[in-house]
Amino acid sequence: MGQTLAEILDEAACGRFPETDGGTTVVAAPNGRDTGVIAFTAHSVVFTDEEPEWVHATLAALECDALAATMHPRFLTAFLDRTGRVTDTIDLLTVASSLPGEPGLELREVTDPVHPRVMSARRRRDGVRMWEVDGGVLVLGRGVAGRWEVAVELDEDARHRGLGRALATAARHLVPPGEPLWSQQAAGNARSIRAFRAAGFLPVGSEALLLGRGRAQDAGGGVTALPGRPYGGGGLPLPCSS
């Protein structure tokens, strides 16, 4: 397993996950913005500048299944209190490979630097760019540990038409070749999960981001629309070297 969060994410995008030993790995926060927890299958990664001893001691004090400890409300509450941060929700973390060629939609890039959605996305991401189509928008930027992240939003009257899936697919054409593209969907947002799954995004784990105060207004990734079609491929892990 990699030694930094970026390395761990790169390996996970290639289908190489931490060992399923029930353990928790603590790594340094990649920057002052990004702190949180990613729970993979039977192994969690906590990225923080807090002492690893505090993390492990707090987890050990919980009276719960060790496999669920890092996402337990009591641990997350203690983590928030310790860091003075806030959070929105626990998300499903998904990833897809980039796609060649141009997107299948005619996207119009929004260059207004003070557009409310752009300004909101900058609370969580760097290098934010935004495109729109009739009924929806696509936002792309560098998020946690520098990974490419996409968020999609639809107008209320544009739902149930396949647009969410189409925008999520289009985003895969906008990242550099060979780069994975990440997105988060709220665990209870079944429409969003199905739309991204239909666009080729595969589940990796669950993620809880701890945000600096003032950053929690951004809705993060995902889309609030569309039950997607059954998954038809296109989201296989990247062809990474071993």
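Modeller: Before we start, pLDDT is the predictor's confidence in each residue, on a scale from 0 to 100. We need that here, as this is a predicted model.

Biologist: Thanks! Over residues 216-220, where does pLDDT stay on that scale?

Modeller: pLDDT stays under 50 there, and the model has 16 contacts beyond four places in sequence for that stretch. Residues 223-237 also stay under 50, with 50 contacts beyond four places in sequence.

Biologist: And what is the mean pLDDT of the protein?

Modeller: The mean is 86, and 85% of the residues reach 70 or more.

Biologist: Let's turn to the sheet. What is the order of its strands?

Modeller: The 10 strands run β1-β3-β2-β10-β4-β9-β8-β7-β6-β5, in an open sheet with mixed pairing.

Biologist: Why are β1 and β5 said to stand at the edges?

Modeller: Each of them, β1 at 23-27 and β5 at 108-110, has a single partner strand, so one side of each is left without a neighbour in the sheet.

Biologist: Which helix touches β1, β2 and β3?

Modeller: That is helix α1 (residues 5-13), which packs on the sheet and also touches β4, β9 and β10. The direction of α1 makes about 30 degrees with that of β2. Helix α6 (residues 190-198) packs on the sheet too, touching β4, β8, β9 and β10. The angle between the directions of α6 and β9 is about 155 degrees.

Biologist: Now a loop residue. What makes the phi of A42 worth a look?

Modeller: A42 has a positive phi of about 60 degrees although it is not a glycine. You will find A42 in the loop between β2 and β3.

Biologist: Why is A42 called partly exposed?

Modeller: Buried means under 20% relative accessible area and exposed means over 50%, with partly exposed in between. A42 has 23% relative accessibility, so it counts as partly exposed.

Biologist: And where does A145 lie?

Modeller: A145 is in the loop between β7 and β8, with a positive phi of about 55 degrees although it is not a glycine. At 22% relative accessibility, A145 counts as partly exposed.

Definitions and conventions. Residues numbered from 1 in each chain as written. Predicted model: local features only at pLDDT ≥ 70, side-chain atom pairs only at ≥ 80, totals over all residues. Heavy atoms only, no water. Pairing = 2+ DSSP bridges. Helix = DSSP H or I, 4+ residues; strand = E, 2+ residues; numbered from the N terminus. Contact = heavy atoms within 4.5 Å. Axes fitted to C-alpha atoms, helices over the stretch in contact; angles between N-to-C directions. Buried < 20%, exposed > 50% of the residue type's maximum accessible area, 1.4 Å probe, protein only.
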